[in-house]
Amino acid sequence: MLSALIWLPVLGAAIIGFLPGTMNPQVSRKVALAVIAGVFIWSIVLVTQFQYTEGLLQFSEFLPWIDVLGLTYHLGVDGLSLPLLVLNSLLTGIALYSTNESIGRPRFYYALILVLNGAVSGAFLAQDLLLFFLFYEVELIPLYLLIAIWGGQRRGYAATKFLIYTAISGILILASFFGLVLLSGASTFEFEKLYALSLPLGTQFLLLAGILVGFGIKIPLVPFHTWLPDAHVEASTPVSVLLAGVLLKLGTYGLLRFGLGLFPEAWAVVAPWLATWAVVSVLYGAFNAIAQKDMKKMVAYSSIAHMSYILLAAAAATPLSLMGAVFQMISHGLISSLLFLLVGVVYNKTGTRDIDALKGLLNPERGLPLIGSLMIVGVMASSGIPGMVGFIAEFLVFRGSFPVYPTQTLLCMVGTGLTAVYFLLLVNRVFFGRLSEKAVNLPPVQWSDRYPAMLLAVLIVILGIQPNWMVRWSESTMTAMLDRSSMVAEVSPVAKSVDIKTEP
């Protein structure tokens, strides 16, 4: 069941690649949409078969691969990876559907997106450290090409910067993985077999540092964030949807799975510093968002702030905060994708993303009233208005983190207030007031451009009203992860020697 989520998109990419060049470009688009629809349906089937009360891996697949390296093809899914798999297939379908039908080199474009989807699913499913790293690196190639070929005027600079940062991230993560196996004397990279290994605390700090910086670049956290605004500004709208909605989640997933999971003793020691790091990233991202004049760059900096809430939740490491971390990943994926889609529509119709150059787009006769209304929904959700998914995610994070780190949690809550500030500035300047010259006689927005944003808005409201439909997927897994980390810390001679408190 799991391999299909990886290899069906790859097979679809191969089919598109071998289509005759003289064939109608719409054929490759239809093939890509059909493939990703099949992947999404299959992920829903997986959801229906998933046992929510079980905290362990399900649907495991295991095949020996390269024995000399200790590399195995081991896949599994739990409550941490399952919501991200569904999000991946959903947003990939939206990105494909939102792509301009007249895009250049369509076969190459659609094939790259399908390969990207398969690689991300492989990373979420991999239960072998080397296998995870392979998928983690494979997704770098199509995303680099999608920015470098179909991006904006400075696409070469943005793509190269993204490549360098992500390559450094991969090197640090691989070094930590190899260090863990070599220094522990293990003969395998299988994640489950590495849980209970005991290493000197200094060694754990060194290995955990590589994990933190490597995945911190991917999230991204300050000061490793500078590649993200450039990548978003130059990437096309569908690529920005995938980048913000899915690709950034590999960083937070890696922190939870490999940072907290493999080094619980060292994690408990550095957790206060991680909570402070989260505060810095939240406030830095929020204040930078306030200063932006480009709508897309404002949304990009808001992503830096909102992804940092997950670091706070992981630092607190309570069952409620970790459930909030998973919910925040899904919440941010839906909200950021909606905002990037709407900014893309505004740019396509007006030719600018400059906040100072636009005004009055909510005008019901000559503006973009439905796009403006959906933008207000997205802004409200991002600001944590009750009744929407953003409120539930932030409430879980803050409620679970406050008993452990009250000061850091309160400062992060300030970031939520700042979210309302900069998005209120955006909505007030762009959508209210007298219609600006650039917004006069705008071409009509086709319903095909509205459907993806409307779907995301509906999901944002539904999950805000009934969050248990999503929370129950991860509750047992997060509890089991904390129980296992506590057990490792209790039996570890290292933990006993430094008297680490494993439960806040």
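At 52% relative accessibility, Arg105 counts as exposed, because the cut-off for exposed is over 50%. I start with this residue for its backbone. Arg105 has a positive phi of about 50°, and it is not a glycine. Its place in the chain is the loop between α3 and α4, where α4 covers residues 106–125. Before going on, please keep in mind that this is a predicted model.

Why is a positive phi worth a remark? Most residues other than glycine have a negative phi. There is another such case here. Phe59 is not a glycine either, and has a positive phi of about 55°. Where does Phe59 sit? Phe59 belongs to strand β1, residues 58–66. Phe59 counts as partly exposed, at 23% relative accessibility.

Staying with the backbone, we come to peptide bonds. Most peptide bonds are trans. The bond from Ile219 to Pro220 is cis, with omega near -5°. The bond from Val222 to Pro223 is also cis, with omega near 10°. Which loop holds Pro220? Pro220 lies in the loop between α9, residues 201–218, and α10, residues 227–234. Pro223 is in the loop between α9 and α10 as well.

Next, salt bridges. How many salt bridges does a search of the whole structure find? The search finds six. I will go through some of them.

Take Asp78 and Arg257. Their side chains meet in a salt bridge, 2.7 Å from N to O. Asp78 is in the loop between β2 (71–77) and α3 (82–98), while Arg257 is in helix α12 (residues 249–262), so this pair ties together parts that are 179 residues apart in sequence. Are these two residues buried or exposed? Asp78 is buried, and Arg257 is buried too.

Now Lys293 and Asp356. Here the side chains meet in a salt bridge at 3.7 Å, N to O. This pair links distant parts of the chain, 63 residues apart: Lys293 is in the loop between α13 and α14 (295–316), and Asp356 is in the loop between α15 (319–350) and α16 (369–382). Lys293 is partly exposed, with a relative accessible area of 40%.

Then Asp294 and Arg353. Their side chains form a salt bridge at 3.1 Å, N to O. Again the pair links distant parts of the chain, 59 residues apart, with Asp294 in the loop between α13 and α14 and Arg353 in the loop between α15 and α16. Arg353 has a relative accessible area of 15%, so Arg353 counts as buried, the cut-off being under 20%.

I have a few pairs to show.

The axes of helix α13 (residues 264–290) and helix α18 (residues 406–431) come within 9 Å and cross at roughly 15°. What does that angle say about their directions? Angles under 35 degrees count as roughly parallel, so α13 and α18 are roughly parallel to each other. Their crossing is left-handed.

Helix α18 also meets helix α17, residues 389–401. The axes of α17 and α18 come within 10 Å and cross at roughly 160°. That makes α17 roughly antiparallel to α18, because the cut-off is over 145 degrees. The crossing in which α17 passes α18 is left-handed.

The last pair is α3 with helix α11, residues 237–247. Their axes are 8 Å apart, and the helices pack at an angle of about 170°. So α3 and α11 are roughly antiparallel to each other. Which hand does their crossing have? The crossing of α3 and α11 is right-handed.

I finish on the surface. Which residues form a nonpolar patch there? The patch is formed by Tyr97, Trp447, Tyr451 and Met454. Together they have about 400 Å² of accessible area. The largest share of the patch, three residues, comes from helix α19, residues 447–465. Trp447 is in helix α19. With a relative accessible area of 45%, Trp447 is partly exposed.

For helix packing, look at α18 with α13 and with α17.

Definitions and conventions. Residues numbered from 1 in each chain as written. Predicted model: local features only at pLDDT ≥ 70, side-chain atom pairs only at ≥ 80, totals over all residues. Heavy atoms only, no water. Patch = residues over 30% accessible without salt bridge, like charges linked within 9 Å, V, L, I, M, F, W, Y side chains within 5 Å. Areas by Shrake-Rupley, 256 points an atom, 1.4 Å probe, with all protein chains shown as cover. Salt bridge = Lys/Arg side-chain N within 4 Å of Asp/Glu carboxyl O. Helix = DSSP H or I, 4+ residues; strand = E, 2+ residues; numbered from the N terminus. Buried < 20%, exposed > 50% of the residue type's maximum accessible area, 1.4 Å probe, protein only. Axes fitted to C-alpha atoms, helices over the stretch in contact; angles between N-to-C directions. Parallel < 35°, antiparallel > 145°, perpendicular 65-115°, else oblique. Left-handed = near helix turned anticlockwise from the far one by under 90°.
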